[in-house]
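Trainee: Please take one part of this model and go through it closely, with the cut-offs stated as you go.

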Amino acid sequence: MTIRTKALGLAAAMALPFVAGPALSYELTVPLLTYRTGPYAPSGIPVANAFSDYFTLLNEKYGGIEGAKINYVECETAYNTQQGVECYENVKNMGESGALVINPFSTGITYQLIPKASEDKIPILSMGYGRTSAADGSVFPYVFNLPAHYWSGATVIMKYIADKEGGQANMKGKKVALVYHNSAYGKEPIRTLETIAKDWGYDLMLLPVDHPGQEQKATWLQIRRDRPDWVVMWGWGVMNQVAVKEAASIRYPMDRFIGIWWSGSENDVLPAGKDATGYQAATFNAPGTNFPLIQEILTELYDKGKGAGERDGVGDSLYNRGLLNAVATAEGLRTAIKMHGTVKIRGEQARDGFENLVIDNKRWEELGLGGGFAPEIKIACNNHEGSGAAAIQQWNAETGEWTLVTDWIQPMSDVIQPLLKADAEAYAKENNITPRDCK
């Protein structure tokens, strides 16, 4: 099938409103707490551009979602938690619908908003970040972290490393270093990696890097001295590019250096030039522009001067991450509208949509993102993450491209579920929450 015919299929899939008749005045308010300023802006800008582009395309070409236009609202946080909380208070009652879903785009902000949004009955979509145990929908009915959370990412990376070593049995006695942002975000994988280390017998080195991560000399001198077999990174913003350059400076082999998905953008590797070739990162979205939806964004928006950012940025790793987030947001709201038979939904109905969200490979094709853009997503009352599958991508400085080097890898549920259940139960006890019956 050609890109053109796929695009026509996409039009058919999105243009026909569930509610017949002329365009409706009721608008669906969708805020994004973004950071186009501050030390993390290079990472926040492509995500925000993708959100803006997708909702602009939906509004201008497809009449919004099921006939209702999207009232897309950005609020600048500069990746500051207090500013993020202020943004939430400013946007939560906007428009006739009120905020239908909050995308915090910060683990710190997400932690602060979980009790507030749950009380206000506004779903939080923290895609691939935030509180991992929020995947337990019985305790966190208004929080979603699809398609994969941090603990799934940690186990996918370790399964990949074990495969490269010839199997789990060969991990005994190996050294694995975790270089992590010294924050709630960066500390998320520690417990999971410690649990696997006990089972597999590898030594885990914990190497924190303070915000924003521009000073890492001591960290990499320790790595040069101790020579871990693998280095795993949980970094963000400028920390990532500094780490890649420092690794290159001590000649640490890049094909044994793996970042989580927030350490795998073009911004993280380009400053190191050709020395970054071979660096790897987990991901739950494919890079590149070879997808009908992205081609449509280029022709309908960028060719007409309506794109939110620079044309060259479309298809970059973080742009595509933001696009996946925007598509999942729209599909959650579309599901809610169909379930309730009206576009006049509010946060409580939107939550129903996200809790019943299904994007299988057939739907990815209809949306113009078939062919492996993202894993299938199926959410349920007791599972707000989905499968947790992720892949590994590798950087080639010569071509200036990321390439997926694995299929979607399933996480180690046997490791994750006991930890997740214990953490969710502790949260419920601390906050006097009676878990829902999801049976």
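Mentor: Helix α12 spans residues 317-340, and its 24 residues reach 35 Å from the first C-alpha to the last, close to the 34 Å expected at 1.5 Å a residue. That expected span is 1.5 Å times one less than the number of residues. Helices here are DSSP runs of H or I with at least four residues, strands are runs of E with at least two, and both are numbered from the N terminus. This is a predicted model, in which local features need pLDDT of at least 70, side-chain atom pairs count only at pLDDT 80 or more, and totals for chains, interfaces and linings use all residues. Residues are numbered from 1 along each chain as its sequence is written, and side-chain values use heavy atoms, with hydrogens and water left out.

Of the 24 residues of α12, 20 are buried, so the helix is largely enclosed by the rest of the structure. Buried means under 20% relative accessible area, exposed over 50%, and partly exposed in between, with a 1.4 Å probe and protein chains only. After the helix comes Gly341, with a positive phi near 70 degrees.

The loop between α12 and α13 (347-355) contains Ile345. Ile345 has 0% relative accessibility and therefore counts as buried. Leaving aside residues up to four places away in sequence, Ile345 touches Tyr26, Leu28, Ser97, Leu100, Leu333, Ala336 and Ile337, where contact means heavy atoms within 4.5 Å. Ser97 is 248 residues from Ile345 along the chain, yet their C-alpha atoms are separated by 6.5 Å.
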